[in-house]
Amino acid sequence: MGIEEKIPSGVLLTSVEKLVNWTRKSSLWPATFGLACCAIEMMATGAARYDLARFGMEVFRASPRQADLMIVAGRVSQKMGPVLRQIYDQMPEPKWVLSMGVCASSGGMFNNYAIVQGVDHIVPVDMYLPGCPPRPEMLIDAILRLHDKIMAEPLGERRRKMIAESGEAAKRVGTIPSSYRYNKAKRREWLAAEREGTQEQLRIEKWMQEGAHK
Ligand code: SF4
């Protein structure tokens, strides 16, 4: 992907890795690309109330050449498939794909011949976001999880090693909800629950305690 791939592993690579990943996650530029109703939520996420500018992503690029994130917002018709793939191919590396909503992820309720049954038939997907439509808060959460994933992406020798091994480290990334990730005490609780396999229980109990459901 660049000069960082040539650096041998060690302290220097670790520092370069962190810096490169931090710059990448802090300046994700999405391609202007909306396919259906989910796109309205995506537009709302970019507007003043939710303010994607906080993450350096307010400008949806009009050219795929300047974009490194494709948010597939809506159902993908068979006719649109080749166009979507062409836009993806025109985006420079490294690039990421976020499948927004149940239609993009699996065809959703449109189980018919006209709709692609999951955009991962056409492009590799880095993050799936459920919901119909997902609210802007959910899209922001998916973006923050993608940030985590990018931050943990190894480069150079480590990348080669990870691909050669099982890729377990990659699967682990982005599994902590953002409300737990950025709070030290809650993060510790989550990791402890994860060791016991009781994360969902913890999440529900906390949700009830905090009265978020009222
Ligand atoms: S998931 Fe729902 S909101 Fe999104 S494109 Fe499909 S039908 Fe529309």
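Predicted model: local features only at pLDDT ≥ 70, side-chain atom pairs only at ≥ 80, totals over all residues.
Me: What about contacts, what share of them join residues at least 24 apart?

Reply: That share is 76%, taken among contacts between residues at least 6 apart in sequence.

Me: OK, on to the sheet. What's the strand order?

Reply: The order is β1-β2-β3, in an open sheet of 3 strands with parallel pairing. On average, neighbouring strands are turned by 15 degrees against each other, ignoring direction.

Me: Remind me, what do strands of a sheet pair through?

Reply: Backbone hydrogen bonds, and the pairing can be parallel or antiparallel.

Me: How many bridges are there between β1 and β2, and how many between β2 and β3?

Reply: β1 and β2 pair over 5 bridges, in the parallel sense. β2 and β3 also run parallel, joined by 3 bridges. M100 shows up in both pairings: in β2 it is the bridge partner of A73, and it stands opposite L129 in β3.

Me: Which strands does α2 touch?

Reply: α2 packs on the sheet and touches β1 and β2. Its direction makes about 135 degrees with that of β1.

Me: Zoom in on β1. Mostly covered or mostly open?

Reply: Mostly covered, with 5 of its 5 residues buried. L69, I71 and A73 point one way from the strand, M70 and V72 point the other way, and all are buried.

Me: Why that every-other-residue pattern?

Reply: Because side chains in a regular strand alternate between the two faces of the sheet.

Me: Take M70, then. Why does M70 count as buried?

Reply: M70, which sits in strand β1, has 23 other C-beta atoms within 10 Å, so it counts as buried; the cut-off is 20 or more.

Me: Which residues touch the most other members of the largest nonpolar core?

Reply: M70, I71, V72, A73, V76, L98 and M100, in a core of 34 residues. At least two residues of this core come from each of α2 (38–46), β1 (69–73), α3 (81–90), β2 (96–100), α4 and α5 (136–151).

Me: Switching to the ligand. What surrounds it?

Reply: A36, C37, C38, G74, R75, G101, V102, C103, G108, C132 and P133 surround the ligand. By type, the shell divides into 7 nonpolar, 3 polar and 1 charged.

Me: Which element gives the largest share of that shell?

Reply: Helix α4 (residues 101–106), with 3 residues.

Me: P133 is on that list. Where does P133 lie?

Reply: In the loop between β3 and α5. The peptide bond from C132 to P133 is cis, with omega near -10 degrees.

Me: What about the bond from E93 to P94?

Reply: That peptide bond is cis too, with omega near -10 degrees. P94 lies in the loop between α3 and β2.

Me: Back to the β3–α5 loop. What does G131 touch?

Reply: G131 has its place in that loop and touches G101, V102 and M138, leaving out residues up to four places away in sequence. Its C-alpha is 8.9 Å from that of C103, 28 residues away along the chain. With 15 other C-beta atoms within 10 Å, G131 is partly exposed.

Me: Last one: what is phi of D51 near?

Reply: Near 60 degrees, a positive value in a residue other than glycine. D51 is in the loop between α2 and β1, and it's partly exposed, with 14 other C-beta atoms within 10 Å.

Key. Residues numbered from 1 in each chain as written. Near = placed C-beta within 6 Å. Helix = DSSP H or I, 4+ residues; strand = E, 2+ residues; numbered from the N terminus. Nonpolar A, V, L, I, M, F, W, Y, C, P; charged D, E, K, R; others polar. Core = buried A, V, L, I, M, F, W, Y, C linked by C-beta atoms within 7 Å. Buried ≥ 20, exposed ≤ 12 C-beta atoms within 10 Å, placed from the backbone. Contact = placed C-beta atoms within 7 Å. Pairing = 2+ DSSP bridges. Axes fitted to C-alpha atoms, helices over the stretch in contact; angles between N-to-C directions.
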